[in-house]
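Have the model open as you read.

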Amino acid sequence: MNQSEALSIYIHIPFCKQKCKYCDFLSAPASDRVQEEYLHALLGEMIAQAGQYSHRVVHSIYIGGGTPSVVEPNWICHILKTLFSNFTVAENAEISMELNPGTVTKESLNAYHRAGINRISIGLQSAHDKELALLGRIHGFEDFLTTYRLVREAGFQNVNVDIMAALPGQKVEDYEDTLQKLMALNPIPEHISAYSLIIEEGTPFFSLYGEEKEALEKTGETQKHLPSEAEERRMYEVTAKILSDKGYHQYEISNYSLEGFECYHNKVYWLRGDYVGFGLGAASLVNNIRYRNHADLGAYLREKDKVMECTPLSVKEQMEEFMFLGLRLLNGVDKKEFYHYFHVSMDEVYGQIIEENEKEGLLQNGERVVLTNRGRDISNYVMAQFLVEDF
């Protein structure tokens, strides 16, 4: 099949039981009435747009949030039934759903499985209850263990677990303990997403730690609460070592999988494949045009056209995305693919930037351009250099 016919779909469920203190996602608690009104609008949006993609085959569906598992399971089943009825979904499509510990039951998980979901992503973040409370999570580690057992008993054989590093007050040994507890599960998760905490503006954490984070970035010294840059780097190294010893391979800066379990849907984002987002604030990329839905719930419910922004990407913007998204992958970016897409060599456009970073030991330069281990430590610095003013 021509790759241009492939499509991925993201479904946004913007509801949660409680907003975490670090979260800047478009999500919040809501009444049953608001949830129902929203879900009716979501289904209407999906049906209204389906005709535009009648020639496409959907290879992945991702239901994210928020916490999708806080809505009634029947709604999740209805969403998938609507997708299957209105879109052509590949027989082997990856169909993922996010959930948090303590928000599912044996019955709800069985319903998700029957509806066609074949990949579950569980938001653990930490195996330490003190850290979970600090983050504003609604669960403890025992809740996670119960949820994990129920997920496996429901028949799910492709499970991701999210964890976080560089939390306030976290020591390298604390983080390592979380990893070891995950590796003691039977069976171990097929996929691990290990992210460093980002202090985002507009969150409670920003008012608590924002200035401290800025000081850390300038000095690299240990502050009162946040781990130092050296400690955060050590956590990253520990992740790679422990997971590698258990048979995981790292395929993206923050993602590790057992053989055959890389997340197809997320790779679509990093490789700039076409995807359509449905729901509040959802983003889409189709034929190098970016779309974004209304981020205000009232406007999303009220407006017949859910799209708020439509931005065709210039060739320059496409090239920049090719580089800074593709460099997140451990195998980097392919020079032949760059030429195939843009009919100009990567070296002609970015040769000087690549050469300078190669000299600094941040990039490997061959048929593919790849971040070195040191380059991954400061990946944002390296990637930002590809956002040039002109060519």
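A residue counts as buried under 20% relative accessible area, as exposed over 50% and as partly exposed in between, using a 1.4 Å probe and protein chains only. This is a predicted model, so local features need pLDDT of at least 70 and side-chain atom pairs count only at pLDDT 80 or more, while totals for chains, interfaces and linings use all residues. Residues are numbered from 1 along each chain as its sequence is written, and side-chain values use heavy atoms, with hydrogens and water left out.

Start with the whole chain. There are 15 helices and 15 strands; these are DSSP runs numbered from the N terminus, with helices being H or I of at least four residues and strands E of at least two. For 391 residues, a compact globule would have a radius of gyration near 21 Å, and the 21 Å of this chain agrees. That radius is taken over C-alpha atoms, and the globule rule is 2.2 Å times the number of residues to the power 0.38. The C-alpha trace spans about 55 × 50 × 40 Å along its principal axes, and 53% of the 391 residues are buried.

Now zoom in on tryptophan 270, in helix H9 (residues 264–270). Is tryptophan 270 buried or exposed? Its relative accessible area is 10%, so tryptophan 270 is buried. Leaving aside residues up to four places away in sequence, tryptophan 270 touches Tyr251, Glu252, Asn255, Leu325, Gly326, Arg328 and Leu329, where contact means heavy atoms within 4.5 Å. Phenylalanine 322 is 52 residues away in sequence, yet the C-alpha atoms of tryptophan 270 and phenylalanine 322 are 8.0 Å apart.

On to the backbone. Most residues other than glycine have a negative phi, and most peptide bonds are trans. Glutamine 125, in strand S4 (residues 119–125), has a positive phi of about 80°, and with a relative accessible area of 7% it is buried. Alanine 166 sits in the loop between strand S5 (159–165) and H6; its phi is near 65°, and alanine 166 is buried at 6%.

Two cis peptide bonds are worth a look as well. One joins glycine 65 and glycine 66, with omega about 20°, and glycine 66 lies in the loop between strand S2 (57–65) and helix H2 (73–86). Another runs from asparagine 186 to proline 187, with omega near 0°; proline 187 is in the loop between helix H6 (172–183) and strand S6 (191–196).
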